[in-house]
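Could you walk me through this structure step by step, in plain words? I am new to this and would like to know what to look at as I go along.

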Amino acid sequence: MAEDAPAPTHLQLFLGMQQVALSSFGGGLSAWSERIVVEERQWMRKEEFITGLTVARLFPGPNQINMAVYIGSRFRGLTGAIAALLGILLLPFSLLMLLGLGYYYLNMNMAVDRVLAGVITASAGMALSMGFKIAGAYARDPVAMVLAGASFIAMTVFHVRLVPLVLVAGPLAMAWYWPRQEKP
Amino acid sequence: MSASVAASAACQAVQLGDWRELLAVIGDFLRLSLFSLGGGNTLLNEYHHMAVDQYCWLSSRQFAEIYAIAEAAPGPSSMIVGLLGMGAAVKEGPLWGVLSGVTAEISILLPSTLLMVVAALSWNRLRHSPWRVAFERGLGPITLGILFAVGLKILRISDHDTPAYAVSLVVCVLMLRTKISPLWFMAVAGLMGALGLVNR
C-alpha cells in the first residue's frame, strides 16, 4: 500500500480548490474536482472522495461547495473548510460580480436585450430539466410519486413557501421511510 | 409603461439603509440556507418570491435574466444569490451593489457550510443512523416535487410566445438525452433572439 500524501496545508487547500474552479470554467466541476483531488494531488482515495460526494449531496447547500467544505474540514477542520471554500469561490464569484455590474449598470441596447430574450429560453429549458433528471429514481415508488406530486401542487397551485412545506411534509415523509427492523 | 408604474406603486422596495430591514433580509437568507435541498436549486422559487414579490428589488424579467447569467457563468449556479444581493442595492451605486452581493452570498452559504463541517467530521457515526436513512429517502421525493415547481416557474417568467416555449422544451429534452454543454444551447438561443426568432 502506498502511503497517502501528507495532509494539505490551508494554502494548498485554497490553491487546489482554485485549480478546480479554474479547470472547470466551461463546465464539469464534479469531474475536475475528482481528477485534481484524487489523481493529481492524491489527497484522498477514490472511495473517500465518493463518500464525500454522498455527504455533500445529502446535506443542504450547493453540492460542489459542500464538497469543497468536506475536503477542507477533513484535513484542517473549520479553518480548512473556509480555505477550500474561498479557493473554489473567489474567482468564479468575482467574475460573476463583474458580469452583474455590467448587467445592472451598463445601459443595455436593443441588441443585447434581444440576445438575452433568446438566452433565457434556453436557461428555462435547463431549469425544466432538473426535475426530470432525478425523476427516474422515484418512478417505481407510488408513495414517492404522491409526495412529489403533493409538493409540486402545494407550491405551484397553493403558493406554499418552501420552509413550511419542508417542515410539514419532511417529518411525514421521514416517518414513512423510517427504516424498519426487518433484518436482524 | 403605465402597467409597470402601477406595479411599482403596489410594490414598495425595501430600504436596506434601515438596519432592521437589512437584518430581516440577511435572516431570510440564513434561514433558507438550511433548506437548500437538492443542491440549492430548490431555493429558486423562494429567491423569486423574495426579490420580486416581497422586497421588490427586481422584475420577473430581470430575475429570468440573472438566472440565465448565473447559469452561463463558470462556477456553481447557486451564486445567483450574489446577483440578487447586487440587485437589491443597485440604486446605491456599484460599490454598495458588490458589498450587498457579497453579504447575500455569505449569508446563504454560512449555515449550510457550518452544518457541512459538522457532517464531515461526524459522518462515521451518522452514516448508519436511521435518521440519515429516513432523511435521505423521505426528502428525496419532496425535492423532486419542488424541482418541478421551480422548473415551471422559471419557464413561466421566461417564455411568453410559442417559439420561446418550443426552444425551452427542445433544450430540456437535449439536456436529458445528450451530454452537449449547456453553453451551446444558450449560445444558439441567444443567436435566435438576436435574429428575432424568439421574443418576449
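Begin with helix 1 (residues 10-23) and helix 2 (residues 29-40) of chain A, whose axes cross at roughly 145° and come within 9 Å of each other. Helices here are DSSP runs of H or I with at least four residues, while strands are runs of E with at least two, and both are numbered from the N terminus. The axes are lines fitted to C-alpha atoms, for helices over the stretch in contact, and angles run from 0 to 180 degrees between N-to-C directions. This crossing of helix 1 and helix 2 of chain A is right-handed; that term applies if the near helix is turned clockwise from the far one by less than a right angle, and left-handed applies if anticlockwise. On helix 1 of chain A the contact is made by A:G16, A:Q19, A:V20 and A:S23, and on helix 2 of chain A by A:W32, A:S33, A:I36 and A:V37. Two residues are in contact if their C-beta atoms, placed from the backbone, lie within 7 Å. The residues of this contact divide into four nonpolar, four polar and no charged. Ala, Val, Leu, Ile, Met, Phe, Trp, Tyr, Cys and Pro count as nonpolar, Asp, Glu, Lys and Arg as charged, and the others, Gly among them, as polar.

A word on what you are viewing: this is a predicted model, in which local features need pLDDT of at least 70, side-chain atom pairs count only at pLDDT 80 or more, and totals for chains, interfaces and linings use all residues. Residues are numbered from 1 along each chain as its sequence is written, and chains are lettered from A and ligands numbered from 1 in the order in which they are written.

Next, follow chain A into the loop between helix 2 and helix 3, where you will find A:Q42. Its phi is near 50°, a positive value in a residue other than glycine. Most residues other than glycine have a negative phi. A:Q42 is partly exposed, because 13 other C-beta atoms lie within 10 Å; a residue is buried if 20 or more other C-beta atoms lie within 10 Å of its own, exposed if 12 or fewer, and partly exposed in between.

B:C56 sits in the loop between helix 3 (44-54) and helix 4 of chain B, and has a positive phi of about 60° although it is not a glycine. With 17 C-beta neighbours inside 10 Å, B:C56 counts as partly exposed.

B:S60, B:F63, B:A64 and B:Y67 of helix 4 meet B:I154, B:I157 and B:S158 of helix 7 in the contact. Chain B has nine helices and zero strands, and 50% of its 200 residues count as buried.

Finally, bring the chains together: 79 residues of chain A are in contact with 96 residues of chain B. Helix 5 of chain A gives the most to the side of chain A that touches chain B, with 23 residues.
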